[in-house]
Amino acid sequence: MDFFKTVEDRHSMRKYVETPVEDEKLQKILETANKAPSAGNLQGYEIYVVRKLEQRQALVKASWDQDFLAEAPVVLIFCANPARSAERYNERGIELYCIQDATIACAFAMLAAKAQGLDTVWVGAFNEAAVSEIAHIPSDLRPVVMLPIGYAGKASSVRPRRELRDLVHEA
Ligand SMILES: Cc1cc2nc3c(=O)[nH]c(=O)nc-3n(C[C@H](O)[C@H](O)[C@H](O)COP(=O)(O)O)c2cc1C
């Protein structure tokens with residue numbers, strides 16, 4: 001799919017059908033995330049793949065009943081790994097770069113999913129401790145975004161954006 005069409009067609013999806021995500025498509029999504037830039041190329045993040053229904057149901061509870069987390073057959077959890085970024089960047093690595101690394105990787109994953117006919121939604125509202133326990137994420141990592149991936153269960157709706165003249169400023 002053309003890059004700009006992929007971006008244009010991506011919208012948050014909060015309803016999924018049961019159709020599994022093909023292994024090759026998931027692999028491509030993960031490989032694309034791995035191409036994202038990161039501070040000093042340290043890749044200060046980790047990705048956890050959640051597929052088991054029981055765990056996905058627990059993620060629903062850990063995210064104040066965002067029930068689509070149980071509908072989507074795969075949920076990726078992008079975690080900041082502060083220790084990796086701290087190696088070179090100390091406090092800035094811990095407080096900022098590892099989170100940026102994790103989130104830009106997630107953005108790449110979202111677009112790779114869309115380019116293959118899959119939908120996603122960025123989930124930032126969740127109890128971090130509960131998510132870590134459910135997905136067996138070690139305590140030195142910080143889950144920063146969950147990304148359910150699956151086939152859309154309904155048509156997506158298009159959210160409006162700010163006008164560029166309001167958003168962009170001549171410095
Ligand atoms: C940092 C961040 C946190 C978000 N958290 C949630 C969330 O917890 N649940 C949810 O349904 N959507 C969440 N979203 C998705 C936004 O609501 C969505 O991207 C926005 O409304 C624009 O819609 P669009 O993605 O369809 O363009 C989040 C998005 C971002 C970037």
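The questions and answers below go through how terms apply to this predicted model.

Residues are numbered from 1 along each chain as its sequence is written, and side-chain values use heavy atoms, with hydrogens and water left out. Because the model is predicted, local features need pLDDT of at least 70 and side-chain atom pairs count only at pLDDT 80 or more, whereas totals for chains, interfaces and linings use all residues.

Q: How many helices and strands does the protein chain have, and what makes a stretch count as one?
A: The protein chain has seven helices and four strands. Helices are DSSP runs of H or I with at least four residues, and strands are runs of E with at least two, both numbered from the N terminus. Read from the N terminus, the order is α-α-β-α-α-β-α-β-α-β-α.

Q: What share of the contacts in the protein chain with a separation of 6 or more comes from residues 24 or more positions apart?
A: Such residues account for 79% of those contacts. A contact means heavy atoms within 4.5 Å.

Q: Why is S38 called buried?
A: Buried means under 20% relative accessible area, exposed means over 50%, and partly exposed is in between (1.4 Å probe, protein chains only). S38 has 15% relative accessibility, so it counts as buried. Across the protein chain, 42% of the 171 residues count as buried.

Q: Where is S38, and what does it touch?
A: S38 is in the loop between helix 2 (23–33) and strand 1 (45–50). Not counting residues up to four places away in sequence, S38 touches Q43 and D101. E170 is 132 residues from S38 in sequence, and their C-alpha atoms are 27 Å apart in space.

Q: What makes the approach of the S38 side chain to the backbone nitrogen of Q43 a polar contact?
A: A polar contact is a pair of N or O atoms within 3.5 Å; within protein, one must be able to donate a hydrogen and the other to accept it, and residues adjacent in sequence count only if both atoms are side-chain atoms. The side chain of S38 reaches the backbone nitrogen of Q43 at 3.0 Å. It also reaches the backbone nitrogen of L42, at 3.4 Å.

Q: Why are S63 and D65 classed as they are?
A: S63 has 1% relative accessibility and therefore counts as buried. D65 has a relative accessible area of 52%, so it is exposed. S63 lies in the loop between helix 3 and helix 4, and D65 lies in the loop between helix 3 (53–62) and helix 4 (68–71). D65 has a positive phi of about 65° although it is not a glycine.

Q: Which residues does S63 touch, and which backbone oxygen does its side chain reach?
A: Setting aside residues up to four places away in sequence, S63 touches L69, A125, F126 and M146. Its side chain reaches the backbone oxygen of L59 at 2.9 Å.

Q: How do you know that S132 is buried?
A: The relative accessible area of S132 is 13%, so this residue is buried. S132 lies in helix 6 (residues 128–135). Leaving aside neighbours within four places in sequence, S132 is in contact with I137 and P143.

Q: Why do V7 and Q27 count as partly exposed?
A: V7 has a relative accessible area of 39%, so it is partly exposed. Q27, at 43% relative accessibility, therefore counts as partly exposed. V7 is in helix 1 (residues 3–9), and Q27 is in helix 2.
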